[in-house]
Amino acid sequence: MREKRLRRCIAMLGALILCMGCARAESAIVVERVAVYAQASTSSKKLGTAASGTKLTLVAEKGGWAKVELNGNEGYMKSSVLAKQVNMTAYASKDGVKVYASASTASKVVAKLDAGCAVCVDSIYDGWCRVIKNGEAYFLRKADLTPDAPEAQPESETYKAYVQQNNAKVYASWNTNSKVLCLLSQNTQVTVVDVRDSWCKVRNDRGEIAFMLKTDLAATRAEEQQAGLRYGDKGDDVKRLQTRLKELGYFSGNIGGNYLDLTAAAVRAFQSAANLDVTGEANSATLQVLASDSAPEAPKPTGDSTVAAATGSAKEMDWWTSDIRSIFAINTVATITDVETGISWQEVRKGGTNHADVQPRTAADTAAMKKAYGGTWSWDRRAIIVTIDGVNYAASMNGMPHGSGSISDNNFDGHHCIHFTNSRTHGSNAVCKLHQAAIQKAAAWKG
């Protein structure tokens with residue numbers, strides 16, 4: 001939570017501003033137990049020791065030694081164990097200055113500052129500067145800070161700009177790996193205060209600072225984009241969408257004007273075929289391609305298949321660490337494409353924990369699967385593509401009916417198994433090397 005608050009401060013205000021105009025102090029804190037000597041030499045008389053956390057006055061420093069005053073007495077100790085309390089404003093000397101959780105470059109980086117971002121340093125220790133935010137301590141390398149404030153940006157260099165498309169991303173820093181703060185709609189006006197390469201530093205009407213790609217902005221308003229359609233929408237626009245999807249072979253339901261599961265699945269399948277972002281929402285980009293003469297038609301099934309075979313490439317998904325178990329949830333219908341023969345059919349996941357237990361959806365699907373196995377059932381592992389909502393996933397299956405099955409009219413007595421990366425067998429709870437080899441074969445497939 002503290003990291004989130006720190007990043008939000010940096011992103012929206014453009015700096016980690018902890019205090020302004022502080023004066024330098026002469027006090028210091030001992031950061032680790034240290035000996036106190038009568039002179040600046042370890043061979044001189046030892047006066048005692050100072051415990052970690054001891055507050056004292058720093059009189060002078062020279063040659064790695066500090067002359068200090070404690071309880072009215074003077075002595076000498078190593079400078080490296082003193083954190084000087086300074087309360088001074090400093091500035092990041094370059095872009096990407098790292099803010100650490102502790103005074104070590106091996107500690108966690110909790111934020112990065114842009115050049116010129118201001119911080120108030122409350123103490124300096126052995127090449128590190130400490131800052132306090134909301135009661136928490138953070139650390140920056142002294143070499144990454146400068147006491148010189150950046151020159152103010154002339155107001156004449158700012159200009160108004162308009163967002164050119166819906167859902168334009170607003171970032172916390174000058175790169176696409178930084179946090180996305182919000183999405184702006186088309187023709188939202190912002191003020192550009194700085195430009196670097198392909199980026200614009202922008203300010204909204206509340207004075208908040210953030211960053212956008214230059215390609216998402218222009219000096220003039222854009223033509224309004226066609227509104228999108230999404231799950232739950234109703235009406236004539238949805239009917240027109242369903243009609244066009246049916247013309248292209250993606251939609252098999254009734255054209256009733258309700259944007260529900262079948263329509264969303266058809267949109268996802270079209271988006272996958274058209275190399276668009278697969279979201280299931282008919283956004284403006286999807287509607288534009290869908291209406292064009294170059295809109296791709298749905299692949300047609302072969303003579304041995306019940307459904308169209310997969311095309312494109314397949315994602316490799318770890319059974320335990322990715323989302324594949326929720327994507328291929330219980331009762332989800334998937335299209336299976338056999339990599340070797342190209343035969344395709346539909347399966348339904350009915351169970352399984354270490355891997356997916358599946359059954360052919362219909363008797364025709366069972367016949368297509370058996371055809372892929374050469375007309376017989378077998379425990380042999382086969383590389384397959386599992387297609388769900390228009391997205392392809394690399395997998396492996398065996399072709400032997402076993403155990404129980406809840407579909408009674410599919411001519412398949414029981415279920416069989418589909419494995420993904422690092423899934424395990426039920427019996428031995430082990431990763432099957434043969435299944436994993438078949439998955440790698442499927443991952444290399446280009447349909």
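Modeller: Helices (H or I, at least four residues) and strands (E, at least two) are DSSP runs, numbered from the N terminus. The expected span of a helix is 1.5 Å multiplied by one less than its number of residues. The model before us is predicted: local features require pLDDT of at least 70 and side-chain atom pairs pLDDT 80 or more, whereas totals for chains, interfaces and linings use all residues. Residues are numbered from 1 along each chain as its sequence is written, and side-chain values use heavy atoms, with hydrogens and water left out.

Biologist: What span does helix α3 reach from its first C-alpha to its last?

Modeller: Helix α3 covers residues 261–273, 13 residues in total, and reaches 18 Å, close to the 18 Å expected at 1.5 Å a residue.

Biologist: Which residues of α3 are buried?

Modeller: The idea rests on relative accessible area: buried means under 20%, exposed over 50%, and partly exposed in between (1.4 Å probe, protein chains only). In α3, the buried residues are T263, A264, A266, V267, R268, F270 and Q271. An α-helix has 3.6 residues a turn, so residues three or four places apart point the same way.

Biologist: What covers the buried residues of α3?

Modeller: Their cover includes α2 (236–247) and α4 (284–291).

Biologist: Is N254 buried or exposed?

Modeller: N254 counts as exposed because its relative accessibility is 71%. Its place is in the loop between α2 and α3.

Biologist: What does L82 touch, leaving aside residues up to four places away in sequence?

Modeller: Contact means heavy atoms within 4.5 Å. L82 touches A28, I29, V30, V31, L56, L58, A66, V68, M77, I124 and Y125. L82 belongs to strand β7 (residues 82–92) and is buried because its relative accessible area is 2%.

Biologist: How many helices and strands does the protein chain have?

Modeller: The protein chain has 7 helices and 26 strands. Of its 447 residues, 43% are buried. Among contacts between residues at least 6 apart in sequence, 55% join residues at least 24 apart.

Biologist: What radius of gyration does the protein chain have?

Modeller: The radius of gyration is taken over C-alpha atoms, and the globule rule is 2.2 Å times the number of residues to the power 0.38. For 447 residues a compact globule would be near 22 Å, but the protein chain has 32 Å. Along the principal axes, the C-alpha trace spans about 95 × 60 × 30 Å.

Biologist: How much accessible surface does the protein chain have?

Modeller: Accessible areas come from the Shrake-Rupley method with a 1.4 Å probe; for residues, only the protein chains shown count as cover. The protein chain has about 23000 Å² of accessible surface, and 47% of that belongs to carbon and sulfur atoms.
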